[in-house]
Amino acid sequence: MERITIDPITRLEGHGKIEIFLNDEGNVENAYLQIPELRGFEQFSVGRPAEEMPRITNRICGVCPEAHHMAATKALDALFDVEPSSVVKKLRELFYSSFYVTDHTVHFYALGGPDFVLGPDANPAERNILGVIHKVGVDIGVQVIECRKRNHEVIKMLGGRGVHPVAGLPGGWSKSLSEEERDLVREYAEKNVDFALFSLKLFDDLVLGNQAYVDLILSDTFTHETYYMGTVDDKNQINFYDGLIRVTGPDGKELVKYPAKDYAQHIAERVEPWSYLKFPYLKDVGWKGFVDGPDSGVYCATPLSRLNAADGMATPKAQEHYERFYETLGSKKIDGRYSPVHHRLATHWARLVELLYAAERMLELAQDPEITDPNVRPVVTNTPTEGIGSVEAPRGTLTHHYKTDENGILTDVNLIVGTTNNYAPIAMSIKKAAEGLIKNGEVNQGLLNQVEMAFRNYDPCMSCATHSLPGQMPLEVTIKDKDGRLIKSISQFLG
Amino acid sequence: MTENGKPKLAMYWASSCGGCEISVLNIHEHILKVDEVFDIAFFPCIADFKVKDVESYPDGYIDVCLFNGAIRNSENEEMAHLLRKKSKVLVAFGSCAYEGSIPALSNLTTKPATLDTVYFDNPSIDNPDRVLPQISSQVPEGNLTLPEFYNTVKSLDQVVDVDYYLPGCPPEPEQIWAVLQVVVGALTEGQPLPPAGAVVGAGTTALCDECTREKREKTIERFYRPYEIQPDPDQCLLEQGIVCLGIATRSGCGALCPSVGMGCRGCYGPPEGVYDQGAKMLSAIASVLDVGDESMEEAELESLIQDAVATIADPSGTFYRFSMAHSILRRVKNGKGAA
Amino acid sequence: MTEKQNSPAGQEKVGVYICHCGSNIAGTINVDEVSEWIKGNPNVEVSRNYEFMCSSTGQELIENDIKEKGLTRVVVASCSPHMHEKTFREATERGGLNPFLFEMANIREHDSWATNNKEAATAKAKALVNAAVERVVHHKPLEKIPVDIDPKTMVVGGGIAGITAALELAEAGHHVYLVEREGTIGGHMAQIDKTFPTLDCSACILTPKMVDVGQNENITLLSYSEVESVDGYIGNFNITVRKKARCVDEELCTSCGICEEKCPQKVVDNNYGAGLSYRKAIYRAFPQAVPGYPVLDKENCTYFQTGKCKVCEKVCPTNAINYEQEDQLLNFNVGNIILATGYDLFDARKIPQYGYGRLPNVFSSLEFERMVNASGPTGGHILLRDGETEPKTIAIVHCVGSRDQNHNEYCSKVCCMYSLKFAHLVHEHLPEAEVYNYYIDMRTPGKGYEEFYHRLLKEGTHFIRGRVAEITDADRKPGEEGKLIVQSENTLLGVQQRNPVDMVILSAGIEARHDSEKVSKLFKMGCDYDGFFNERHPKLAPVSTMTDGIFIAGACQGPKDIPDTVAQGGAAASQVAKLISQGTVMMEPVRASIREDECSGCRICNNLCPYNAIEYDEEKKVSHVVTALCQGCGTCVAACPSGVIDGAHFTNTQILAELEGILWDMPTEMTVMEEV
Amino acid sequence: MSDQFEPVIVGFLCNWCSYRAADLAGTARIKYAPNLRILRVMCSGRVDPQFVLQALLNGADGVLIAGCHPGECHYVNGNIKTLRRFTLLRKTLEQWGIEPERVQLLWASASEGTVLAAAVDRMTEQIRDLGPLRWSQKVLNGNGAAHPVAEEA
């Protein structure tokens with residue numbers, strides 16, 4: 001049997017590796033996405049004081065440390081059984097919204113953007129953020145950099161540090177917001193809203209204006225009918241910071257809606273000998289392997305998933321774009337809800353809708369009169385026992401689960417991180433893309449673009465999942481014959 | 001130097017979180033300058049290169065390699081050796097490469113304990129056949145391999161020689177930019193580099209030097225967990241009983257954590273004169289523990305001190321939060337650290 | 001820190017000298033093997049072994065090698081540095097090297113004398129010698145630190161020891177502050193009637209000296225005073241003394257004694273009078289008290305208790321009485337301190353079976369002293385508690401509270417002699433009376449002491465060898481009615497005896513002052529388990545302490561009789577006089593110092609120093625060490641979290657090099673094996 | 001010497017009490033285990049915890065810190081600081097799985113040669129029962145040691 005190794009840089013590179021096996025006809029027999037790294041946070045966090053977890057687990061991922069910091073902080077609220085005051089909640093969500101703006105921006109322009117801005121067939125060497133800048137103009141590049149800059153300034157102001165924030169406390173937050181700071185944050189939030197609208201316009205012009213791209217988005221190669229997960233508020237609208245976890249089916253019907261503390265009743269993780277990363281699936285449906293459809297417990301937790309799992313957006317402008325998103329992609333309203341969009345490449349668009357929501361939400365909070373209340377650090381005296389906290393990380397629902405002794409020293413820690421949710425779907429998308437393109441052993445340059453796009457729309461954060469950088473994997477495909485002799489080698493940069 | 005006269009820059013992550021790369025991006029507009037001055041020779045996070053390319057380079061082809069991430073598995077170690085061979089200047093970039101950082105908390109436990117917890121004991125696990133990831137495993141279609149997960153996390157200088165250390169988890173962007181400017185100056189205008197083995201992009205004194213909080217004589221009767229107390233906004237946190245590693249941590253970040261009311265956790269590593277950050281921290285705060293005096297009965301004295309020490313939760317995980325791999329003993333004798 | 005500490009080969013030229021100490025070392029350690037082996041150390045230039053390194057020829061070996069072979073460092077492996085470090089440092093210096101470029105390996109006390117296992121001893125010697133070599137390579141030349149000596153001295157305690165020391169110094173022309181807790185100086189000796197073995201009158205030899213003290217202008221006598229605080233160090237102590245209010249203006253008082261005479265309030269005199277006599281509420285312990293001013297005892301003064309009386313004020317011809325007088329705090333500097341705080345007498349009540357306090361006719365030795373004293377309560381007559389009956393039979397019990405597992409294990413040294421003195425005094429006052437001395441061993445070391453014992457044997461004292469088990473008034477046999485029965489074993493006859501007597505005298509032992517531990521802390525020096533102050537060396541430095549500039553004399557150091565006490569008072573005085581005449585002392589340069597440019601100003605070290613030698617500079621925001629105050633313990637060095645405090649001669653590098661060297665045989669290279 | 005395991009114990013003894021106690025033990029010809037190797041420090045308060053860890057890394061099977069009894073410290077209370085540090089160090093070493101018998105604190109005054117000798121004998125036996133520590137070989141066994149890239153990698 002022939003095999004194709006899609007190996008990030010080579011076997012030595014640490015962070016993700018694809019193996020495609022061809023049958024004797026030279027068609028795809030099977031494909032594996034291997035995650036070759038483990039760091040063991042769930043074990044070495046045991047014995048540590050629980051309150052340190054926001055400052056320990058953010059090191060799981062330097063790309064979205066804010067998400068881990070926040071999930072850990074919420075787990076501490078539950079662990080110590082303290083309800084944060086409303087100002088604390090608002091302060092945290094303000095911080096978190098700012099983070100969302102910068103994170104989604106980076107993905108769209110640096111990671112996802114190149115596919116569309118430069119086109120799937122562009123020269124791989126050009127296919128990076130610098131390429132984008134050259135194409136759309138330096139001023140836009142500067143805007144992107146400015147956007148990151150101002151939001152990281154807010155993150156540092158409220159979280160203490162630009163990367164790996166420290167301010168989270170059980171029931172509280174160590175840093176309050178002064179009036180001067182609020183004025184700055186408000187100004188930045190307004191810029192963010194403008195920037196989000198600008199980005200959506202850019203997507204309109206570059207992608208929706210291009211029939212070839214639209215066809216690509218709607219093509220079967222990039223379609224999977226799975227379950228979708230997302231966090232929603234009491235109106236079933238998307239919320240990143242807090243709410244109930246809602247799962248909807250391929251048909252759009254709600255499967256279940258549960259509080260984070262019940263996660264273990266609904267999620268289970270499988271182990272495969274060929275990967276260090278675990279495969280979560282929906283217990284309520286069951287594991288049927290790497291397949292989609294209503295009978296398979298495989299689910300997806302991405303911007304697209306959140307839109308599909310929700311009834312709408314909590315801010316006006318975002319809601320407009322939400323509706324336009326479904327209308328444009330031909331979704332129908334069934335009893336008041338849009339039927340789900342299954343086209344994976346639409347995730348990029350969904351991400352921009354979320355970008356707008358995050359910016360609007362940030363502005364709302366920055367204008368909140370209560371936001372500058374200095375009382376944000378309560379003294380906590382409760383005896384800790386067990387606590388579960390979750391947030392919507394940009395790359396999926398993130399859950400932290402702690403148990404401690406009476407001194408608050410951790411005895412058990414379980415973490416289900418964003419990208420892990422999507423491990424199975426990503427593997428499936430890769431396989432499908434490969435099947436679509438590899439016929440009778442014929443492999444062409446297009447394969448890599450397709451696989452790459454199938455892969456990247458998830459914005460898979462292997463930092464979160466396995467601790468490498470998000471999806472930015474130079475791919476190399478080597479095709480060997482039965483005797484392992486090299487037939488063909490193609491490579492290009494992924495992301 | 002290369003044909004176009006631009007110095008070759010490489011940046012690589014081993015067992016890391018990517019925060020170092022993000023911090024590099026956080027030099028914001030300067031990143032364009034970096035792109036202008038350097039020729040990227042290897043930078044998985046922003047450009048397309050393969051280890052094959054690196055292997056094909058002549059030794060010392062790369063002028064500066066910023067290596068971040070700890071040595072967690074066999075792959076990390078092999079990459080470290082390759083990049084050492086190919087680089088003129090190898091920089092241990094960030095706390096992980098310098099001293100193990102958070103991943104090295106793993107040295108307080110063991111490989112078997114880790115595998116058990118991750119793959120067998122978690123509440124959400126579904127692993128009836130007790131499957132564990134294997135270095136080599138058979139699937140119907142063929143054989144799949146994985147790198148070896150080590151029992152002990154190592155710092156970069158424990159597997160190869162390191163020219164410079166750039167501390168911080170992650171290093172602060174201003175410090176990164178300052179160091180890059182020095183490197184550029186050295187490579188382009190032949191300005192002198194710091195002495196080999198130096199810690200760059202940081203101060204030499206302890207963090208208190210940068211901390212604006214008011215410091216008095218230290219007498220501490222007991223310690224408080226950060227949620228047990230509302231600290232005075234202007235006074236030294238340690239004096240208020242909040243464990244702050246600033247006294248035993250190298251300056252350079254600008255005392256960010258204390259400025260938002262949280263004790264320093266020591267991510268910049270020990271100051272110039274100290275090797276084992278944890279031991280020094282331990283020695284210092286135990287010394288100023290203001291309980292017991294020479295007039296007491298030995299038994300009474302001991303129990304009083306016991307009680308006060310008991311208010312320090314998890315000394316190993318706190319004093320060695322970032323420096324475990326680079327501490328004198330490097331790891332625990334067995335898994336007790338996690339118990 | 002984990003780097004190899006030993007410096008590169010040949011960087012220093014070290015001479016290593018292994019001492020045989022006769023067979024003390026060579027008998028157990030293979031010195032040839034060790035000196036041969038150490039040649040393998042890259043820094044060793046010369047390695048010899050010699051029979052007695054401390055001999056002049058041994059020292060010449062070192063001097064010559066330094067001169068001829070150009071040694072830069074010296075290591076001697078022999079006895080404890082406490083024995084000969086000074087010797088060899090001087091030899092090193094004579095050779096032309098800084099004396100601190102020397103290191104000593106203790107292979108005698110710590111090795112050859114501690115084991116019979118020759119192989120192990122030799123291996124250990126190698127480790128210790130190698131450690132010394134690795135260490136000495138990192139030694140730095142150091143200069144001793146000169147400190148000026150303030151010629152004034154404080155003597156604490158106005159007993160015979162303190163009086164002697166004070167007078168010796170004062171007569172040599174040096175100023176002395178003599179601090180006495182009681183209203184008068186004199187101490188225990190003033191309570192004694194006669195002194196053994198010469199039987200001369202205690203008062204007759206003591207009071208002239210007391211008067212001298214009172215009159216010597218070089219002596220500032222601070223009676224009824226106690227030391228509050230002691231700061232500083234040798235040559236420069238700062239003292240604070242509390243002068244308690246005696247309610248008498250010393251400027252006006254003429255010591256006429258009328259107030260005492262007219263005072264209506266009688267008080268049992270438990271102190272000087274041993275509870276047998278009375279004093280007044282305003283009183284002098286005894287007529288010859290120095291100073292002569294009385295002390296008003298507020299607890300017993302009618303005016304202070306009831307608000308009425310004021311008799312003393314009325315009768316005082318010079319209006320010296322001042323009820324409002326308050327304690328004064330006096331502050332002064334001295335260069336040296338002599339502690340002569342004396343002893344407490346063992347309280348015989350602690351041994352209930354002897355019945356003291358319960359059986360009226362059981363007397364303490366102090367009570368008896370007062371009784372036989374002509375100026376005492378009975379005018380020198382020996383009477384039973386009823387105050388009229390003369391005892392016909394008297395038992396004197398030695399070793400009360402001494403040589404006793406349950407109380408003090410040590411021998412109080414003076415009890416045998418004063419018990420003999422008592423026996424003699426009984427014979428003198430009551431020729432008819434029978435005297436029985438119960439002793440365990442008769443201890444009479446001292447000039448004329450044994451002769452005195454023989455004299456008592458001739459005087460017909462009955463000596464019974466055996467510890468008294470019990471003293472009871474429960475008669476069992478005829479002849480015991482109304483008597484005190486002394487129950488004991490006669491170990492010479494091997495029989496139990498019941499001996500009915502009229503009077504029993506308990507010869508109580510000597511104990512450290514009840515507050516000696518507090519005092520030793522106040523003066524930052526040690527005291528032993530029994531509470532007696534620790535001398536620097538039991539033989540060679542009996543009146544010095546571990547703290548430079550503080551000396552001890554008399555019974556505060558351990559039980560002593562008067563001649564020894566006086567001798568120590570003189571010895572302490574001459575130690576101080578020596579320092580005063582030197583003018584300056586050179587102090588060990590083992591001191592801490594802070595590299596201020598690297599100090600973060602965290603202030604961890606600030607209050608670690610018991611000598612307050614570390615100061616914080618508010619301007620520079622850094623700390624620094626006041627060298628003269630630093631005693632070199634190194635506690636701050638170990639504590640400094642920035643590692644910017646250096647401990648001279650005990651630097652991290654030196655200690656870690658020594659550590660590396662002492663573990664030379666431990667494999668440290670790591671096995672290169674893949675872990676699984 | 002017999003084949004039984006002979007522990008190597010490093011002793012940090014204070015100059016004024018414990019070092020003299022060891023001198024006295026020798027002068028009094030008290031025989032005790034030759035397994036203790038003594039370093040002199042002026043005060044037990046000089047013992048930096050780094051020294052203890054370094055001794056263990058360098059191969060010692062145990063470390064003894066000895067000083068004056070509380071209240072008898074030549075430097076008033078240096079030994080109190082030692083006790084505070086030791087208490088915290090022991091708690092830390094426990095987390096590292098290092099048996100408490102391996103690192104001990106002893107009070108021995110200058111007159112307690114017997115106490116010191118007995119303590120050394122006791123500690124030697126305790127560690128003999130625990131077996132060798134020999135950290136770099138037995139615990140680190142290759143971790144942190146640089147070694148060449150495996151060829152086939």
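**Exercise 1. A charged pair in chain C**

Task: Determine whether C:E250 is buried, partly exposed or exposed, and identify the residue of chain C with which C:E250 forms a salt bridge.

Solution. 
Step 1. The relative accessible area of C:E250 is 24%, so this residue is partly exposed. The structure examined here, and in every exercise below, is a predicted model.
Step 2. The partner of C:E250 is C:R246, and the closest N and O atoms of this salt bridge are 3.5 Å apart.
Step 3. C:R246 has a relative accessibility of 2% and therefore counts as buried.

**Exercise 2. Two salt bridges in chain A**

Task: State how many salt bridges the structure holds over all chains, and describe the salt bridge formed by A:R324 and the one formed by A:R306.

Solution. 
Step 1. Over all chains, the structure holds 90 salt bridges.
Step 2. A:R324 is bridged to A:D204, with 2.7 Å between the closest N and O atoms. Because A:R324 belongs to helix α11 (residues 316–328) and A:D204 to helix α7 (residues 179–208) of chain A, the pair ties together parts that are 120 residues apart in sequence. With a relative accessibility of 34%, A:R324 counts as partly exposed.
Step 3. A:R306 is bridged to A:E392, and here the closest N and O atoms are 2.9 Å apart. A:R306 lies in helix α10 (residues 303–309) and A:E392 in strand β14 (residues 386–393) of chain A, so this pair ties together parts that are 86 residues apart in sequence.
Step 4. A residue is buried when its relative accessible area is under 20%. A:R306 has 1% and is therefore buried; A:E392 has 0% and is likewise buried.

**Exercise 3. Links that involve several charged residues**

Task: Name the residues linked with D:R40 in a network of salt bridges, and name the residues that form a negative surface patch with B:D116.

Solution. 
Step 1. The network consists of C:E85, C:R89, C:K144, C:E588 and D:R40.
Step 2. The negative surface patch is made up of A:E386, A:D412, B:D116 and B:D121.
Step 3. Within chain B, B:D116 is located in helix α6 (residues 111–121). Its relative accessible area is 32%, so B:D116 is partly exposed.

**Exercise 4. Aromatic rings in chain A**

Task: Give the number of aromatic pairs over all chains, and classify the pair formed by A:Y281 and A:W287.

Solution. 
Step 1. A pair of aromatic rings is described by the distance of the centres and the angle of the planes. Two rings pair if their centres lie within 6.5 Å, and the count comes to 47 aromatic pairs over all chains.
Step 2. A:F279 and A:W287 form a tilted pair, with 6.4 Å from centre to centre and 50 degrees between the planes. Both A:F279 and A:W287 are buried.
Step 3. The ring centres of A:Y281 and A:W287 are 5.8 Å apart and the planes stand at 55 degrees, so this pair is tilted. A:Y281 has a relative accessibility of 8% and therefore counts as buried.
Step 4. One aromatic cluster of chain A includes A:F108, A:Y109, A:F195 and A:W349.

**Exercise 5. Chain B and its backbone**

Task: Summarise the secondary structure of chain B, then locate B:P170 and B:R130.

Solution. 
Step 1. Chain B contains 11 helices and 10 strands. Of its 339 residues, 70% are buried, and its C-alpha atoms fill a box of roughly 75 × 60 × 30 Å along the principal axes.
Step 2. The peptide bond between B:C169 and B:P170 is cis, with omega about -10 degrees. B:P170 is situated in the loop between β10 (164–166) and α7 (173–189) of chain B.
Step 3. B:R130 is not a glycine, yet has a positive phi of about 50 degrees. Its place is in the loop between β6 (125–126) and β7 (136–139) of chain B. With a relative accessible area of 52%, B:R130 is exposed.

**Exercise 6. Backbone features in chain C**

Task: Locate C:P197 and C:K413 in chain C.

Solution. 
Step 1. The peptide bond from C:F196 to C:P197 is cis, with omega near -10 degrees. C:P197 lies in the loop between β8 (194–195) and β9 (200–201).
Step 2. C:K413 has a positive phi near 75 degrees and is found in the loop between β21 (393–400) and α13 (415–429). Its relative accessible area is 38%, so C:K413 is partly exposed.

Definitions and conventions:
Residues are numbered from 1 along each chain as its sequence is written. Chains are lettered from A and ligands numbered from 1 in the order in which they are written. This is a predicted model: local features need pLDDT of at least 70, side-chain atom pairs count only at pLDDT 80 or more; totals for chains, interfaces and linings use all residues. Side-chain values use heavy atoms; hydrogens and water are left out. Patches are made of residues with over 30% relative accessible area and no salt bridge: like charges are joined within 9 Å, nonpolar side chains (Val, Leu, Ile, Met, Phe, Trp, Tyr) within 5 Å. Accessible areas come from the Shrake-Rupley method with a 1.4 Å probe; for residues, only the protein chains shown count as cover. A salt bridge is a side-chain nitrogen of Lys or Arg within 4 Å of a carboxyl oxygen of Asp or Glu. Lys and Arg count as positive and Asp and Glu as negative; His and the chain ends are not counted. The place of a charge is taken as NZ of Lys, CZ of Arg, CG of Asp or CD of Glu. Helices (H or I, at least four residues) and strands (E, at least two) are DSSP runs, numbered from the N terminus. Buried means under 20% relative accessible area, exposed over 50%, partly exposed in between (1.4 Å probe, protein chains only). Rings of Phe, Tyr and Trp (its six-membered ring) pair if their centres lie within 6.5 Å; planes under 30 degrees apart count as stacked, over 60 as edge-to-face and the rest as tilted.
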